[in-house]
Amino acid sequence: MLRTVTVPSLSFSSSTHLKVSTQNTSYLAPHSLKLSSPYINKSNSTRTVTCNYSPSRRLALLQLGTVIPQSQFLSGTLAPARSSEVTDQNVLEWVKNDKRRMLHVVYNVGDLDKTIKFYTECLGMKLLRRRDIPEDRYSNAFLGYGPEDTNFTVELTYNYGVDKYDIGDGFGHFGIAVEDVARTVDLVKAKGGKVTREPGPVKGGSTMIAFVEDPNGYKFELLERGLTPEPLCQVMLRVGDLDRSINFYKKSFGMELLRRRDNPEYKYTVALMGYGPEDKNAVLELTYNYGITEYNKGNGYTQIAIGTDDVYKSAEAVKLCGGKIIREPGPIPVINTKITACLDPDGWKSVFVDNVDFFKELE
């Protein structure tokens with residue numbers, strides 16, 4: 001028998017309008033939503049809000065006698081409890097057939113105009129859209145090699161007054177496929193860019209590569225490759241347990257293990273994970289350095305956004321595989337785009353975005 005639960009109204013207060021903890025500036029709280037401590041980082045350098053939706057917090061907010069998962073709220077009534085492990089298995093099977101794609105990668109920059117200039121003039125990207133949100137004191141820009149509805153893009157975020165970020169040692173680099181690495185490096189040098197590794201074969205392999213840095217210190221690996229529909233091809237993150245990470249991304253994210261390479265001479269192993277062949281799709285490159293289990297993630301790199309047909313099932317799959325949900329699935333106020341945010345076992349953040357809602361945003 002279902003019973004009706006009355007949820008008391010909630011009020012929040014703060015002296016400033018801040019972004020929610022997904023850190024994906026595409027999905028913001030409305031101006032009227034003000035959040036207060038202890039979940040606010042009051043540092044003027046970040047202007048972010050950490051909203052941890054733990055069961056104990058929901059219990060305190062709802063003032064109920066028992067913890068009720070968000071998925072059981074349906075128009076003010078309680079839905080039947082989720083059943084057995086058969087249901088769990090169904091969720092993981094559903095993940096394999098979900099229509100998923102890496103949408104964009106989000107990170108903070110200290111000078112938006114300078115960064116856009118470098119990406120367009122040196123790396124050949126196009127500025128797809130740009131917006132300024134003065135009431136929330138930030139601007140962002142989307143850049144890439146094709147439309148957002150078909151291509152992987154970068155989302156740059158500039159927070160007013162913050163000109164530098166700690167990139168940390170956990171984030172590795174972005175990868176860009178180019179037809180001629182040496183020619184691209186010459187262009188970067190001509191424009192005053194920084195080259196940190198001259199063109200040459202990759203360690204232990206034959207692929208020609210080079211490394212350059214953008215004005216904020218983010219590294220880009222240039223990979224010599226023929227024409228590809230997805231030049232922005234990699235995001236490299238370092239992890240403490242490669243087998244654990246591979247298992248997590250395969251089961252909960254539905255990614256394929258495309259390639260794994262061990263290089264004992266240089267004491268590292270890499271695994272490429274993604275939703276299709278690496279020569280046609282953006283991939284996640286996970287790197288394990290022998291004996292290192294933890295990294296400083298800094299505050300520059302933020303997250304990857306991934307499209308899904310169902311954010312609720314996506315969140316359930318993450319929980320089943322040992323991930324942590326830091327933003328319960330549901331619509332963002334005002335724009336109504338449904339998202340959920342999670343952390344992998346190493347603490348790297350991803351956001352799942354409803355496919356239909358994402359295309360509506362682009363319209």
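Student: Leaving aside its neighbours within four places in sequence, what is Glu221 in contact with?

Tutor: Glu221 is in contact with His173, Phe174, Gly175, Ile176, Ile209, Ala210, Phe211, Gln234 and Glu285, once neighbours within four places in sequence are set aside. Contact here means heavy atoms within 4.5 Å. Please note that this is a predicted model, in which local features need pLDDT of at least 70 and side-chain atom pairs count only at pLDDT 80 or more, while totals for chains, interfaces and linings use all residues. Residues are numbered from 1 along each chain as its sequence is written, and side-chain values use heavy atoms, with hydrogens and water left out.

Student: Which residue's side chain has a polar contact with that of Glu221?

Tutor: The side chain of His173 does, at 2.9 Å. A polar contact is a pair of N or O atoms within 3.5 Å; within protein, one must be able to donate a hydrogen and the other to accept it, and residues adjacent in sequence count only if both atoms are side-chain atoms.

Student: Where is Glu221 placed, and is Glu221 buried or exposed?

Tutor: Glu221 belongs to strand 10, which covers residues 219-224. Strands (E, at least two residues) and helices (H or I, at least four) are DSSP runs, numbered from the N terminus. Glu221 counts as buried because its relative accessibility is 8%. Buried means under 20% relative accessible area, exposed means over 50%, and partly exposed is in between (1.4 Å probe, protein chains only).

Student: What does the UniProt annotation "binding site" cover?

Tutor: In an unreviewed UniProt entry, the annotation "binding site" covers Glu155, His173 and Glu221. Of these residues, His173 and Glu221 are included in the lining of the second largest pocket. UniProt positions are given in the numbering used here, feature names are shortened, and annotations may be inferred rather than shown by experiment.

Student: What about Glu155: where does it lie, and is it buried or exposed?

Tutor: Glu155 lies in strand 6, residues 153-159. With a relative accessibility of 0%, Glu155 counts as buried.

Student: Back to the second largest pocket. How many residues line it, and which lie nearest its centre?

Tutor: The lining has 33 residues, and those nearest the centre of the second largest pocket are His173, Phe211, Glu221, Tyr268 and Glu285. On a 1 Å grid over the protein atoms alone, a pocket is an open set of points with protein on both sides within 12 Å along at least five of seven lines, whereas a cavity is a set where a 1.4 Å probe fits but cannot get out; lining residues have an atom within 4 Å of a point.

Student: Which strands each supply at least two residues of that lining?

Tutor: They are strand 7 (171-178), strand 9 (208-213), strand 10, strand 11 (232-238), strand 12 (256-263), strand 13 (268-274) and strand 14 (283-289).

Student: And which residues line the largest cavity?

Tutor: Leu237, Tyr249, Phe253, Met255, Leu284, Ile304, Ile306 and Ser350 form the lining of the largest cavity.

Student: New topic: Ser252. Where is it found, and what does it touch?

Tutor: Ser252 is found in helix 5, residues 242-252. Not counting residues up to four places away in sequence, Ser252 touches Val95, Arg100, Ala317, Val318 and Cys321. Its relative accessible area is 0%, so Ser252 is buried. A polar atom of the Ser252 side chain lies 2.7 Å from the backbone oxygen of Phe248.

Student: Where is Asp309 found?

Tutor: Asp309 is found in the loop between strand 15 (301-308) and helix 6 (311-320). Asp309 counts as partly exposed, with 38% relative accessibility. Apart from residues up to four places away in sequence, Asp309 touches Asp98, Lys99, Asp354 and Asn355. The side chains of Asp309 and Asn355 are joined by a polar contact of 2.8 Å.

Student: How far apart are Asp309 and Phe352 in sequence and in space?

Tutor: Asp309 and Phe352 are 43 residues apart in sequence and 9.3 Å apart in space, C-alpha to C-alpha.

Student: What is phi of Arg137 near?

Tutor: Phi of Arg137 is near 60°, a positive value in a residue other than glycine. Most residues other than glycine have a negative phi. Arg137 lies in the loop between strand 4 (126-133) and strand 5 (138-144), and is partly exposed at 33% relative accessible area.

Student: And phi of Lys267?

Tutor: Phi of Lys267 is also near 60°. Lys267 sits in the loop between strand 12 and strand 13, and is exposed, with a relative accessible area of 54%.
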